[in-house]
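Hi,

Here is the structure I said I would pass on. Have a look at it first, and then read my notes below.

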Amino acid sequence: MGKSGNGHAAKLINNLLCAAHLLTTAEAVALGTKAGLDPTDLIAGLNAGSGRSAISEVNFPRWILNKGFDSGFTMQLMRKDVRLAKDMIGEMGLELPLAKQVAEIWSQSEENIPDQADFNYIIKNAGLGE
């Protein structure tokens with residue numbers, strides 16, 4: 001990644017995207033479910049289209065749709081990385097409203113999702129219950 005510290009920045013940026021993709025995919029599945037679509041079929045359709053991501057391709061089938069929630073990565077770890085990414089955005093003097101909203105949702109999740117829960121549980125805060 002280049003000079004010292006770039007790898008850390010790249011990790012935070014990657015996890016911020018992952019955090020956002022979890023929220024947006026959960027909202028898409030909540031919308032689809034409300035519209036009468038089967039979540040498994042919807043995810044398969046998304047994965048065949050341009051809306052796919054690692055979250056729809058891996059997390060939803062492996063840990064969310066089957067209610068396994070055992071990825072090995074905790075809410076506490078993701079909240080920390082999202083908070084650090086938000087701090088980095090501020091240090092860079094950027095105004096990134098979507099990233100700010102993602103960070104706020106993850107921060108608010110402390111109220112109803114324990115630190116040691118699997119990070120995929122954030123779907124509860126994006127309109128998609130367990």
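A word on terms before the details: I call a residue buried when its relative accessible area is under 20%, exposed when it is over 50%, and partly exposed in between (1.4 Å probe, protein chains only). This is a predicted model, so to speak of local features I need pLDDT of at least 70, and side-chain atom pairs count only at pLDDT 80 or more, while totals for chains, interfaces and linings use all residues. Residues are numbered from 1 along each chain as its sequence is written, and side-chain values use heavy atoms, with hydrogens and water left out.

Let's start with the inside. In soluble globular proteins, nonpolar side chains tend to be buried together. The helices (H or I, at least four residues) and strands (E, at least two) are DSSP runs, numbered from the N terminus.

Next, the salt bridges, meaning a side-chain nitrogen of Lys or Arg within 4 Å of a carboxyl oxygen of Asp or Glu. A search of the whole structure turns up four of them.

- Lys80 and Asp81 form one, with the closest N and O atoms 3.0 Å apart. Lys80 counts as partly exposed because its relative accessibility is 30%, whereas Asp81 is buried, at 1%. Both belong to a network of salt bridges that links Lys11, Lys80 and Asp81.
- Asp115 pairs with Arg79, and here the closest N and O atoms are 2.6 Å apart. This pair links distant parts of the chain: Asp115 is in the segment after H5 and Arg79 is in helix H4, 36 residues apart. Asp115 is partly exposed at 33% relative accessibility, but Arg79 is buried, with a relative accessible area of 8%.
- Arg52 and Glu57 make another, the closest N and O atoms being 3.8 Å apart. Arg52 is partly exposed at 44%, and Glu57 is partly exposed too, at 42%.

Now the aromatics. A pair of aromatic rings is described by the distance of the centres and the angle of the planes. Rings of Phe, Tyr and Trp (its six-membered ring) pair if their centres lie within 6.5 Å; planes under 30 degrees apart count as stacked, over 60 as edge-to-face and the rest as tilted. By this rule there are two aromatic pairs. In one, Phe69 and Tyr121 are stacked, 4.1 Å centre to centre with 15 degrees between the planes. The pair joins distant parts of the chain, with Phe69 in the loop between helix H3 (54–64) and H4, and Tyr121 in the segment after H5, 52 residues apart. Phe69 and Tyr121 are both buried.

Lys67 counts as exposed at 53% relative accessibility, whereas Phe69 is buried at 8%.

One last item for when you have the model open: Asp41 is in helix H2 and is exposed, with a relative accessible area of 54%. Asp41 and Val82 are 41 residues apart in sequence and 30 Å apart in space, C-alpha to C-alpha.

Cheers
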